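Subject: Structure handover

Hello,

Please find the structure below. My notes on it follow.

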Amino acid sequence: MTSHSPYATDLSDTRLPPPGCPAHQDACHITGDDLRHDPAAFYEARRRAYGGVVPVVLDGVFAWLVLGYAELKEVTQRGETFTRDSRYWRPREGSVPEGWPLEPHTVWRPNAVFAGGEEHTRLRGALTRALGKVKAQRVRRSAVETGHRLIDTFVGAGRTDLLARYALPLPLLTLMRLFGFPPAAEAPLQRAIAALLACGDDAPAAARQVMDIVTGQVRRRREEPAGDLTTWLIQEHDAMSPGMSRDAVDTEIREQIWLTINAGHGATAVWIANAIEQLVSRRDVQAGMWAGWMDVQGALRATLWERTPLQNVIGRWATRDVVVGGRHIQAGDMLVLGLAGANTDPCHGSASDRADFATYNEAFFSWGNGPHQCPVPDLAQAIARAAVECLWDRIPDVHLTDPGRPVEWEPGIMMRCPRALPVSFDPAQPHAATRRRAPTGGC
Ligand code: HEM
């Protein structure tokens, strides 16, 4: 991949370090496998050795991993110095190796995530106004109905993989309903997004298929508006773009839908999976739920402290030479937001201090921070809470199939996600309909 900074002419090559520069030589090499077993210990060891800003080589590419709480706050709040616009990138290697697995996180797209300044305000504004029209009650109802539908497919068997059969499909199906996609689009979109996330050879074809489905939905709602997110996005974009052609406006709308599904589905699915992992594998959490001193909301919040779904985020790019955390960052360098590392920064006290306040304190970085902070934590929380409550309400005896065998984690630098959640429960229990009708506010 080549770099494509809009300010390439301002950054003379003489300011780039020669190969083998000190930052490169001292850098800590990280692969997805390093973070599989005990990421908190890994981050702590790097913070002790390097400080809050760590020079890293991620699967062969140089970046700065920002692990310190104060340093991450500074980087995420100085939007002009640390932009989200990846076209500023000047890889120190000169170019990025062919097939670099993290490349999809760096490829600029014309949407709010990669925009800065007024353009970001414009695109994010339309998105948040449209999303703001979605009533929390409707999100909850939709997520609960989807939860029941999924549970019905495995409840009679007494065992399942809750990652594949529940946590992964639930947020996508819920978001599709909020956007008003027709039921016939569900299966193809699910398959295409799974292929896209797997980054295999069929990923480019899958990306085209996702866009085709989204294009069809925008066309449908142009002809037949309804009370759904697609219609509200069309209305917001039409209202704020009087001079733009219909084609240009529809292109922006398609990008916004793509971004919302892409950003929302994976992170929410993994959040649900990580919270369920705690519920099915930790006796203290189960005991807390039964005794009533912990509830699903608290368990979800504690999960964001200890096992945040997006453990690292790519990224920010320095628009000028700057010093942060004592490190000389050069214009064009890539920075990785170490959300999980900053959440476990000892500035919050020890792990046991954190455990004391984790269920009610929200000073974590799990939603990011600054202008690009996640715009819809309430929406994500409504889906995740409905999903976990629904499961807990219907199958309270759910437990790991092999409690002696700890859950395995996917290798990966960005997401902290279990490989599978094999669980069992007594299929003879009245798990379903009677509970479903109970007026608990849960299911
Ligand atoms: C329905 C669910 C969700 C939707 C629709 C959604 C949507 C978005 C969007 C549109 C952005 C880009 C904002 C911008 O650049 O201005 C974003 C950013 C972000 N989201 Fe979410 N999100 C969802 C769930 C989550 C969850 C569950 C997490 C993790 C707990 C999360 C963490 C983040 C983070 C860390 C960023 C900031 C990235 C950065 O600073 O570069 N999101 N989200």
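Of the 443 residues in the protein, 54% are buried (under 20% relative accessible area; exposed is over 50% and partly exposed lies in between, with a 1.4 Å probe and protein chains only). This is a predicted model, in which local features need pLDDT of at least 70, side-chain atom pairs count only at pLDDT 80 or more, and totals for chains, interfaces and linings use all residues. Residues are numbered from 1 along each chain as its sequence is written, and side-chain values use heavy atoms, with hydrogens and water left out.

The protein has 17 helices and 11 strands (DSSP runs numbered from the N terminus: H or I of at least four residues for helices, E of at least two for strands). Among contacts with a separation of 6 or more, 75% join residues 24 or more positions apart; contact means heavy atoms within 4.5 Å.

Helices H8 and H9

Helix H8 (residues 186–198) packs with helix H9 (residues 203–223) at an angle of about 145°, and their axes are 8 Å apart. Axes are lines fitted to C-alpha atoms, for helices over the stretch in contact, and angles run from 0 to 180 degrees between N-to-C directions. On the H8 side, the contact includes Pro188, Leu189 and Ala192; on the H9 side, it includes Ala203, Gln209 and Ile213. By class, this contact has 11 nonpolar, 1 polar and no charged residues (Ala, Val, Leu, Ile, Met, Phe, Trp, Tyr, Cys and Pro count as nonpolar, Asp, Glu, Lys and Arg as charged, and the others, Gly among them, as polar).

The iron atom

The ligand's iron atom has a single donor from the protein, Cys374 (SG), at 2.4 Å. Donors are N, O and S atoms within 2.8 Å of the metal (3.2 Å for Na, K and Ca); water is not among the atoms, so sites may look incomplete. Cysteine 374 sits in the loop between helix H15 (351–357) and helix H16 (377–394).

A sheet

Three strands form an open sheet in the order E5-E11-E10, with antiparallel pairing; two strands pair if DSSP finds at least two bridges between them. Strand E5 (159–161) and strand E10 (399–400) are the edges, each pairing on one side only. E10 pairs with strand E11 (residues 422–424) over 2 bridges, and leucine 400 stands opposite valine 423 in E11.

Threonine 303

Threonine 303 belongs to helix H13 (residues 296–306). Is threonine 303 buried or exposed? Threonine 303 counts as buried because its relative accessible area is 3%. Apart from neighbours within four places in sequence, threonine 303 contacts Trp271, Asn274, Ala275, Gln278 and Thr308.

Regards
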